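User: I would like to go through this model with you, beginning with a single residue and then moving on to helices and the ligand.

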Amino acid sequence: DTVVFPCYRWLIGNVNVEIRQGKAKTLRDESIAQLLAHRRTELQERQKIYRWQTWAPGVPRCIDAKTEADLPQDSRFENEKRSDFEHSLQYALLELSLKKLVIMFGKSWSDLDDFKHIFWKLRSPIAEYCMEHWKEDWFFGYQCLNGSNPRMIQRCNKLPENFPVTSDMVQRSMAPRTNMEKELKEGNIYLLDYAILDGIPTNTIKDKPQYIAAPLCLLYQHPDNGLIPIAIQLEQTPGLNTPIFLPRDPPLAWLLAKIWVRHAEFQVFQVLSHLLRTHLVIEVFCVATLRQLPAVHPIYKLLAPHLRYTLEINTRGRSQLISADGIFKRVVSTGGDGVLVLAQREFKMLTYRSLQPYNDFSDRGVSQLPDYFYREHSLMLWEAIHSFVSGMVSLYYQSDHDVTEDTELQAWIGDITQKGMAELPSFGLPNKLSTREELSNLLAVVIFTSTVQHAATNNGQFDWCSWVPNTPCTMRQPPPTEKSAATMEMIMASLPDVSQSCLQMAITWHLGRAQPDAIPLGRYTEEHFTEAQAVELISGFRTELEKIEANILSQNDGLELQYLFLLPSRIENSITI
Ligand code: OYP
């Protein structure tokens, strides 16, 4: 027999050329000494070029690279992607700096409608819808379910002690013949609690202090009006200076209170839901996979397509977005120390459990909320991913024993829990994998997070955050301590200024728009797997995704506000932006 190396890889220009032959093999399947040696050498080489780095304490470890130029060629953007990434942002910024000039030479910036001056070319149907409806209470409620941060809302069975809403206060929001106590019991009251923002260090931009509040917001699932906010307190400690805002207050007072909630939402959304819980968590799996699994390993083959470009986008994020002089420092209220402190707080509480959609929805008590499209679509996609992955695992692991005996796999999970997530004892992922089910579930979490969950948070950011008053990146005045303080001057003085608003539009457009060389969920262009059974499982997965696609499209048919972020054809196969 001739020895066929299972994987050849070389580089032409900026293009990886990889020819794979032969079956995916765990260590146990390998008997030829030369191939065993090849496996070991491959891992030793990889561990030399892919090293862990502690970018900051108390957050996931990441790849050791100061800038994208330090990354191995295999992890770099290809030309098309790089030039698009670099040019699109320039384009957006240029476009917006022209608008800025127009505004500074004459147009006013004293009324909410003035945000329209910067809103003329970069647009989307939902962003325009948002511009028309952002002040409406049902629209505020809708965004908790199907906006760009759909994981914040939780059922409220008992009012938090620091949020003394009385039944009288909210009676006017209630349906006839009911009251708050009754609705709390029936499970129709929900809560947004931004306690995690309490005391986060605030940014100073061009010598001006920025402000952060840590609001609480109560919502009610009204039988006719849908989910609506019914009470807002802007800080965690109740008292005379922290009034509870109500829908019956003067319209500008209620509006300003909602704006403050939406500002908290921007921070939690971008720093926690998006950056930490998708980008940074997935990077851990990316580095561990590259360090611990040879390219013939079935789990390498399964995960590699879901890790494409993640090291480079995250490295760019660390050096240009959240760095000491990056975009956050320039325009976001949590810029500077805030981002890190916020991420550290969340990381301490982050659990593996919360990355699994069934558990997440049941822990938040939101399984009964109607029209929660994010929930419905996530669960369909989780099922499809989990069943595909379980099939793959059963193909290469005949028993749980095969899992415990796979020393490469055990080194992989060890790298994840002891290096990547080292400072996170409560994460809840064991240091050893003992069953096929455990392995399948973990792989499903990795694929779900790098595809579905990233799409849910990333793809809506232009739609929901480009109309700046709806989701402001910073606030330039402190939260009001009395309702009468809310005037239009006060609102305009609080919201981002012209240049902050322009940058918010530019960046959210840059990140939220469809990517030029996107590979959609389930399309495996590199053909890592060649054996018939694996290829069949992939094609079964694709068929499931097509069914989900059709299902989502028909569900959206005729809807005024469509939820298409989790349409499989629009979900990327990895975190690339
Ligand atoms: C990387 O040329 C990323 O300045 C975005 O980072 C923007 C750049 C670099 C700057 C490019 C340049 C992506 C990884 C990530 C992430 C998730 C969090 C995204 C937060 C976006 C916040 C928008 C800010 C609006 C003011």
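User: Does Thr178 count as buried or exposed, and why?
Analyst: This is a predicted model. In it, Thr178 counts as buried because its relative accessibility is 10%, and the cut-off for buried is under 20%.

User: Where is Thr178 placed, and which residues does Thr178 touch?
Analyst: Thr178 sits in the loop between α5 (167-170) and α6 (180-186). Leaving aside residues up to four places away in sequence, Thr178 touches Gln171, Glu183 and Tyr220.

User: Turning to helices, at what angle do α13 and α20 pack?
Analyst: Helix α13 (residues 373-396) and helix α20 (residues 532-556) pack at about 170°, and their axes are 10 Å apart. That angle makes α13 roughly antiparallel to α20.

User: Which residues make that contact?
Analyst: Among them are Phe373, Met380, Phe388 and Leu395 of α13, and Leu537, Phe541, Ile548 and Ile552 of α20. By class, the contact has 16 nonpolar, six polar and two charged residues.

User: Which residues of α3 are buried, and what covers them?
Analyst: In helix α3 (residues 125-133), the buried residues are Ile126, Ala127, Tyr129, Cys130 and Met131. Their cover includes α4 (137-146) and α17 (461-465).

User: Now the ligand: which residues come nearest?
Analyst: Of the 19 residues around the ligand, Leu89, Gln270, Gly317, Gln320 and Val331 come nearest. Taken alone, the ligand exposes 670 Å², of which the protein buries 93%.

User: How do the residues of that shell divide by class?
Analyst: The shell around the ligand has twelve nonpolar residues, six polar and one charged.

How values were computed
Residues are numbered from 1 along each chain as its sequence is written. This is a predicted model: local features need pLDDT of at least 70, side-chain atom pairs count only at pLDDT 80 or more; totals for chains, interfaces and linings use all residues. Side-chain values use heavy atoms; hydrogens and water are left out. Buried means under 20% relative accessible area, exposed over 50%, partly exposed in between (1.4 Å probe, protein chains only). Helices (H or I, at least four residues) and strands (E, at least two) are DSSP runs, numbered from the N terminus. Contact means heavy atoms within 4.5 Å. Axes are lines fitted to C-alpha atoms, for helices over the stretch in contact, and angles run from 0 to 180 degrees between N-to-C directions. Angles under 35 degrees count as roughly parallel, over 145 as roughly antiparallel, 65 to 115 as roughly perpendicular and the rest as oblique. Ala, Val, Leu, Ile, Met, Phe, Trp, Tyr, Cys and Pro count as nonpolar, Asp, Glu, Lys and Arg as charged, and the others, Gly among them, as polar. A residue is near a molecule or strand if one of its heavy atoms lies within 4 Å of it. Accessible areas come from the Shrake-Rupley method with a 1.4 Å probe; for residues, only the protein chains shown count as cover.
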